[in-house]
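Please prepare a short briefing on this model.

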Amino acid sequence: MSGVAFLCCAAMMAAARLPAQSRAFSPTTEHTRYPVRRLGSHVYAVLGDSGKGVEGRPNAGFVDTPAGVVAVGGLASPTQARAVIRTIRTITHRRLVWLVLYAHHPDMMFGAIEFKRAGARIVAHPDRHVAAAEAGPDMEIADWDRVVGLGELVGFAFADTPDRPVTGWDTLRLGGTDVVVIHPGQAHSAGDLMLWLPADRVLFTGDILVEDGVTMVVDGRSAVLLATLDLIDSLRPRIVVPGHGRIPIDPEALIRSTRDYITALRDSMQLAVRRGISQQRALAYLPPMDELRPVSFNSRLRRNGVRVYLEMEHAYMGIEDRD
């Protein structure tokens, strides 16, 4: 049995033992093409779901240059990735040269294999550690089957090992176009990357920004996220494409709401730690997590609260946070 077949069988067996969960994303078939928005002279967003927070299909994008195409966003499944490639082909038939992965979470890289099969090389951060993968690849796939459905995982194989690792700033130069890849640090996750088009002042942020301002820091660090928001401000982007949800009319407003949320959460948890308030009491004002919906709005509030409380507790005790 091939490795892919083994993983799919393991996913089906594991999923059969787990409670059913409603599918998170809008339907995608082998005929689906997604909406496209032109953002600059040669920059396009492939639009995901709006109004569903982080539970919606993520945004992707691409840069069409005379020397080939740079895509960004690995999508949540091979089916979604094939739909993105079909969508790109409605604009250009130039070869796919690079795929830039926002992060190593399943919703941002489970479709990467389709871009690789189409000839693209992978640009990613080499640190692939995320909480979703801590139980091993079989369980990661089984858990993701409950989100997208096994049908969308047909053809899946891991393809997030970078052909071009980025751990700082890197520039892809194609056809006279500079495509800047930025690793801002462990903001949302250890493997965060952003894509910056300086000529068009368009920034693809991945899940460092999401449409409702409640960016998850479970795999990141809240202080690094705040520093990353300052970095985004310094770029003065004309357009910001968040990892999930609608493209904001006013990028500064989304940056500001994200900063306000994280700052208020840090202040609240720091005060609780200094006063000796337990984590349970400190989180009592937050809504409970939604069962089987780990990235719903309420679940993100609660999970971020746990993470930031631990950050503040470690800082107060002088313990270095290595997670």
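**Briefing: cavity, backbone and surface**

The lining of the largest cavity is made up of 4 nonpolar, 3 polar and 2 charged residues. The model is a predicted one.

**Cavity**

- Searching the whole structure gives 1 cavity of 30 Å³ or more.
- The space in the largest cavity comes to about 30 Å³.
- Its lining consists of Tyr-102, Ala-103, His-188, Asp-192, Leu-193, Thr-205, Gly-206, Asp-207 and Ile-208.
- Asp-192 and Asp-207 are lining residues of the largest cavity, and they are charged because Asp belongs to the charged class.
- Empty space of this kind is what remains when a probe the size of a water molecule is rolled over the atoms.

- Leu-75 has a phi near 65°, which is a positive value in a residue other than glycine.
- Leu-75 sits in the loop that runs between strand S4 (68-72) and helix H2 (78-88).
- With a relative accessible area of 1%, Leu-75 is buried, because the cut-off for buried is under 20%.
- Arg-236, also a residue other than glycine, has a positive phi near 55°.
- The loop between helix H6 (222-235) and strand S12 (239-244) holds Arg-236.
- Arg-236 counts as exposed, since its relative accessibility is 58% and the exposed class begins over 50%.

**Helix H4**

- Ala-112 belongs to helix H4, which covers residues 112-117.
- The relative accessible area of Ala-112 is 0%, so Ala-112 is buried.
- From C-alpha to C-alpha, Ala-112 and Gly-40 lie 25 Å apart in space, and 72 residues separate them in sequence.

**Nonpolar surface patch**

- Tyr-316, Met-317 and Ile-319 make a nonpolar surface patch of about 340 Å².
- Helix H9 spans 297-317, and Ile-319 is found in the segment after this helix.

Technical notes
Residues are numbered from 1 along each chain as its sequence is written. This is a predicted model: local features need pLDDT of at least 70, side-chain atom pairs count only at pLDDT 80 or more; totals for chains, interfaces and linings use all residues. Side-chain values use heavy atoms; hydrogens and water are left out. Patches are made of residues with over 30% relative accessible area and no salt bridge: like charges are joined within 9 Å, nonpolar side chains (Val, Leu, Ile, Met, Phe, Trp, Tyr) within 5 Å. Accessible areas come from the Shrake-Rupley method with a 1.4 Å probe; for residues, only the protein chains shown count as cover. A salt bridge is a side-chain nitrogen of Lys or Arg within 4 Å of a carboxyl oxygen of Asp or Glu. Helices (H or I, at least four residues) and strands (E, at least two) are DSSP runs, numbered from the N terminus. On a 1 Å grid over the protein atoms alone, a cavity is a set of points where a 1.4 Å probe fits but cannot get out, and a pocket is an open set with protein on both sides within 12 Å along at least five of seven lines; lining residues have an atom within 4 Å of a point. Grid points are joined across faces, edges and corners, and a volume is the space filled by probe spheres set on the points. Buried means under 20% relative accessible area, exposed over 50%, partly exposed in between (1.4 Å probe, protein chains only).
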